[in-house]
Amino acid sequence: MNGNARAGDGAPIVSVIMANYNGARFIEAALGSVLCQTLDDLEVIVADDASTDDSCARVAAIAAADPRVRLLTTTINGGPAAARNRCLDIARGRWIAVADSDDLMHPDRLRRLIEAAERDGAEIIADDLLIFFDGRDQAPQTLLRGTPAAAASWVDAVAYVRANALFSGEPALGYLKPVFRAAVIDRLGLRYDHSLRIAEDYDFVLRLLAAGARLRILPQLTYFYRKHHDSVSHRLSRATIEPMLQ
């Protein structure tokens with residue numbers, strides 16, 4: 001990333017980065033929920049990961065009508081971490097927001113998160129998310145519970161690891177979709193670990209925390225996390241688990 005392009009020369013306040021693979025069913029709704037944000041000084045970078053459906057055509061049509069949308073394509077499927085890195089390489093915003101191509105967000109989400117991060121001095125900020133089930137008769141549920149669901153809180157690296165440990169009994173914070181202060185990513189020169197096909201967000205946040213970044217979690221419920229048959233994070237295999245163990 002070119003840090004000199006931040007917060008000046010027409011650069012947006014926030015860059016929303018979105019990895020996509022065969023997300024044609026949901027990507028128009030996902031982009032619509034970003035483009036209708038009350039904080040409209042933004043860009044959306046969609047990195048398509050060699051989709052075989054008509055995802056790219058759908059995104060290109062939206063981009064033709066809204067210059068805030070940029071589409072990156074590739075012929076090689078590298079996984080979501082590699083796709084996010086391609087977005088980071090060209091992102092211009094002072095803040096970086098991660099969104100998935102099958103999820104939704106409340107119209108006021110980015111404004112509220114970035115205002116809170118600026119006020120509190122956070123380098124990473126996230127909110128609660130509502131998990132809803134597409135195609136299944138199952139009630140939606142929130143991720144946070146206990147103290148984090150009641151009030152804003154700071155989370156350090158130790159607490160973050162503990163929350164994501166198997167059978168910890170705590171909410172798995174690695175599922176949250178954070179917003180990052182771009183200057184911290186620039187200063188540390190960090191990128192997603194492209195060997196990870198799942199848990200790439202958890203790993204990226206943990207490395208930022210280990211380097212001293214401050215994570216603030218708000219109890220507001222403004223991100224809507226869709227679970228469906230094709231969700232990448234719910235398909236475990238030896239090939240995806242071994243890089244996580246490493």
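Predicted model: local features only at pLDDT ≥ 70, side-chain atom pairs only at ≥ 80, totals over all residues.
Reader: Which residues of helix 1 and helix 2 make the contact?

Author: From helix 1 you have Ile 27, Glu 28, Leu 31 and Leu 35, and from helix 2 come Arg 58, Val 59 and Ile 62. Sort the contact of helix 1 with helix 2 by class and you get 5 nonpolar, no polar and 2 charged residues.

Reader: How do I read the geometry of a helix pair in general?

Author: Two packed helices are described by the angle between their axes and the distance between those axes. Here, helix 1 (residues 27–35) and helix 2 (residues 55–65) pack at about 30°, and their axes are 10 Å apart.

Reader: Are helix 1 and helix 2 roughly parallel or roughly antiparallel to each other?

Author: An angle under 35 degrees counts as roughly parallel, so helix 1 and helix 2 are roughly parallel to each other.

Reader: OK, next pair. At what angle do helix 6 and helix 8 cross?

Author: Roughly 155°, with the axes of helix 6 (residues 157–164) and helix 8 coming within 9 Å. Angles over 145 degrees count as roughly antiparallel, and therefore helix 6 and helix 8 run roughly antiparallel to each other. The crossing of helix 6 with helix 8 is left-handed.

Reader: And which residues of helix 6 and helix 8 make that contact?

Author: On the helix 6 side, look at Ala 157, Tyr 160, Val 161 and Asn 164; on the helix 8 side, at Asp 201, Tyr 202, Val 205, Leu 206, Leu 209 and Ala 210. By class, the contact of helix 6 with helix 8 has 8 nonpolar, 1 polar and 1 charged residues.

Reader: How do helix 3 and helix 8 cross?

Author: The axes of helix 3 (residues 80–90) and helix 8 come within 10 Å and cross at roughly 55°. That angle makes helix 3 oblique to helix 8. Pro 80, Ala 81, Arg 84 and Leu 88 in helix 3 meet Glu 200, Asp 201 and Phe 204 in helix 8. The class count for the contact of helix 3 with helix 8 is 4 nonpolar, no polar and 3 charged residues.

Reader: Now the empty spaces. What is the general idea there?

Author: You roll a probe the size of a water molecule over the atoms, and that shows where empty space is left. In this model there are 2 cavities of 30 Å³ or more.

Reader: What lines the largest cavity?

Author: The largest cavity holds about 60 Å³ of space. Its lining is made of Ile 124, Ala 126, Tyr 160, Leu 173, Gly 174, Leu 176, Pro 178, Asp 201, Val 205 and Leu 215. The elements giving two or more residues to this lining are strand 6 (124–133) and helix 8 (200–210). The lining of the largest cavity divides into 8 nonpolar, 1 polar and 1 charged. Tyr 160, Asp 201 and Val 205 of this lining also take part in the contact of helix 6 with helix 8.

Reader: Which element gives the most to the lining of the second largest cavity?

Author: Helix 1, with 3 residues. The second largest cavity, of about 30 Å³, is lined by Met 18, Ala 30, Ser 33, Val 34, Ala 99, Asp 100, Asp 103, Leu 104, Met 105 and Tyr 223. Strand 5 (104–105), like helix 1, supplies at least two residues. The classes in this lining are 7 nonpolar, 1 polar and 2 charged residues.

Reader: What is the volume of the second largest pocket?

Author: About 160 Å³. Lining the second largest pocket are Leu 129, Ile 131, Gln 141, Thr 142, Leu 143, Arg 145, Ala 172, Tyr 175, Tyr 225 and Lys 227. Strand 6, strand 7 (141–142) and strand 10 (215–227) are the elements that give two or more residues to it. By class, this pocket lining has 6 nonpolar, 2 polar and 2 charged residues.

Notes:
Residues numbered from 1 in each chain as written. Heavy atoms only, no water. Axes fitted to C-alpha atoms, helices over the stretch in contact; angles between N-to-C directions. Helix = DSSP H or I, 4+ residues; strand = E, 2+ residues; numbered from the N terminus. Parallel < 35°, antiparallel > 145°, perpendicular 65-115°, else oblique. Contact = heavy atoms within 4.5 Å. Nonpolar A, V, L, I, M, F, W, Y, C, P; charged D, E, K, R; others polar. 1 Å grid on protein atoms, 1.4 Å probe; cavity = no way out; pocket = protein on both sides within 12 Å on 5 of 7 lines; lining within 4 Å. Points joined across faces, edges and corners; volume = space filled by probe spheres on them. Left-handed = near helix turned anticlockwise from the far one by under 90°.
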